[in-house]
Structure formats: structure tokens, C-alpha cells
Amino acid sequence: MAWRCEAGVVVLGLAFACGPEGVAAGTETETDTESGTAADTESANTGPSSASASASATASASASGDGTTSGSDPTTGAPDPDSSGDPPPGTDGCTPGLEGCLCDVGAMCEGDLVCDEEGFCVDPDSICSPLDEDPHDDESTAYDVDAVGCSGTIDLGLIGTLEGPQTDWYTFLGNESFACPEEPSVEVVADEDLEVCVYIECVQGNAVDIDCGGADAADSPDGRPGCCDTNQVDMDDYDCSGMFSGLDIVAWVSVGSRERICADYTLSYSL
């Protein structure tokens, strides 16, 4: 009986010893339950945010055409031609037929407008029609005009048009003789102020001692000496190097403007 009692004590002892462990185990289970509750709570708290983010992403994708670039075809992803707001190519927002707009696309110009050489509708009064159609805009292509003798004057009348910025060139022979004033002079008349220059080259010898009076001394692009002024230029004196060179000259005349103009002009010259 004693052994059994001791066994019982042992058993009871084991039971007592196991009791706290069982309680501890139960406590741990409760803690786990609380942890699970916290995890569930955290999951519950984060769930709506994730749902909102997902909904925002879905809305953004829908707004841009299911992930395609805004302004593109939602089926092909190709750019939408109407999304940029730009006018069709070649029109630049200008209606063909109106002033300043194209007239070479089968459209007639409206009203009194006419189609110019560049294919635009313009006011007919603004079209420049040069009297001199052949180019003579440098010394090498200068128009040859009549020779002039001592103290002679030649008036060519209405001879050219400046569609500026532009320069027209002319050349003439000046036959000098004894006791001539040796004063080459050129004058133009136009509705605009024009720059006029006269440059000379001696038939024999070199042109020297050029006296431009109140005009500006200048050299031509090809290096000939001369004088320039507005509308009229007078060379007061010149000489030709060499003892027997004489004073016969070939003169080059330039008439020009740096402005955008359309001006008809008359031309006269003398020696």
C-alpha cells in the first residue's frame, strides 16, 4: 500500500508538474489566438487599401485605353490623328483660296485675289512685275547701254524695276575729249530712295585721283573705283595713269535697294 501511495504521490507529482505545463501550453495557445486575431485585424486593415490601389490602377488603365498611351487607338495602339489638334499636313491652318493661303491645290482664290507664281492667293496690287525680266544683278551681267560723249547726256527713261533687296547693273562707254569736264554722273527717279553708284575703268591706264565730291567713295565688287549716293551720284573728277592714256572710260552703274520693295525707275547718265 505504501508503494502505491508513493506511486500515487509520484503520479500526482507528475500530474502537478504537468499541470502548469498544460496551463502554459494553454496560455501559448491563447497567445497564438491573439496573434492570429492581430494578423487578421492587420489583414482587415490593409485589405481596403490594397483594394483601393488596385481599383485606382484599373481606373487609370481604363482611362488610358486599357494600358495604351493616351491619344491612341485603344484597339491598335496607333496614334489618334485627331488627338493632337494639329491641322492636316500641308495646310498649316490656312484655308486654300484665302489671302496668303495656297491656291495650287485646285482651289480658286476668293474675290479679287490672284494666285501668284509661288502658289499663294495675294492682292493683285502687291504683285511685282519687273520691266527688266533678264537678270543683270552683277557687273558681269550688266546691261550695255549707249555710249555718251563729252558733255553729253542720255536719258533711258523708264528702264528697270527693283524687286528688292536687289541691285541692277548697267555699263556704258564714256568718250572723253580735250577740255571736257570729266564728271561722270548718274540719276534715277523712283517712288523709293535708291542707292546709285558709278564706277570707272580707264580704256588706257588705271583710273586714279577719283574725286567724289559730296558722295561716298567706294569700290565695286570687282574692284573698280567709284562713288555712291542716293538717287543721284556725281563724280567731280578723275584721271587715268599714263602720259598718253587719254581719259576715255568704261563706266559701270549700279542701282540698288536693301529694302523689300517693288519700284520702277528711270535712268539717265552724262559725262
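Me: What should I know about the model before I start?

Reply: The model is predicted: local features need pLDDT of at least 70, side-chain atom pairs count only at pLDDT 80 or more, and totals for chains, interfaces and linings use all residues. Residues are numbered from 1 along each chain as its sequence is written, and side-chain values use heavy atoms, with hydrogens and water left out.

Me: How many salt bridges are there?

Reply: Side chains of opposite charge can pair when their charged atoms come close. The rule asks for a side-chain nitrogen of Lys or Arg within 4 Å of a carboxyl oxygen of Asp or Glu. By this rule there are four. In one of them, Glu139 pairs with Arg224, with the closest N and O atoms 2.7 Å apart. Glu139 sits in the loop between strands E2 and E3, and Arg224 in the loop between E9 and E10, so the pair ties together parts 85 residues apart in sequence. Strands here are DSSP runs (E, at least two residues), numbered from the N terminus.

Me: Is Arg224 buried or exposed?

Reply: Buried means under 20% relative accessible area, exposed over 50%, partly exposed in between (1.4 Å probe, protein chains only). Arg224 has 16%, so it counts as buried. Arg224 also bridges to Asp222, at 3.9 Å between the closest N and O atoms. Asp222 is exposed, at 53%. Glu139, Glu201, Asp222 and Arg224 are linked in a network of salt bridges.

Me: Which residue does Arg258 meet in a salt bridge?

Reply: Glu195, at 4.0 Å from N to O. Arg258 is in the loop between E13 and E14 and Glu195 in strand E7, 63 residues apart. Arg258 is exposed, at 69%, and Glu195 is partly exposed, at 34%.

Me: How many aromatic pairs does the structure hold?

Reply: Rings of Phe, Tyr and Trp (its six-membered ring) pair if their centres lie within 6.5 Å; planes under 30 degrees apart count as stacked, over 60 as edge-to-face and the rest as tilted. The structure holds three pairs. In one, the centres of Trp169 and Tyr199 are 5.9 Å apart and the planes at 20°, so the pair is stacked. Trp169 is in strand E5 and Tyr199 in strand E7, 30 residues apart. In another, Phe172 and Tyr269 have ring centres 4.3 Å apart and planes at 20°, so they are stacked too. Phe172 is in E5 and Tyr269 in E14, 97 residues apart. Phe172 and Tyr269 are both buried.

Technical notes
Helices (H or I, at least four residues) and strands (E, at least two) are DSSP runs, numbered from the N terminus.
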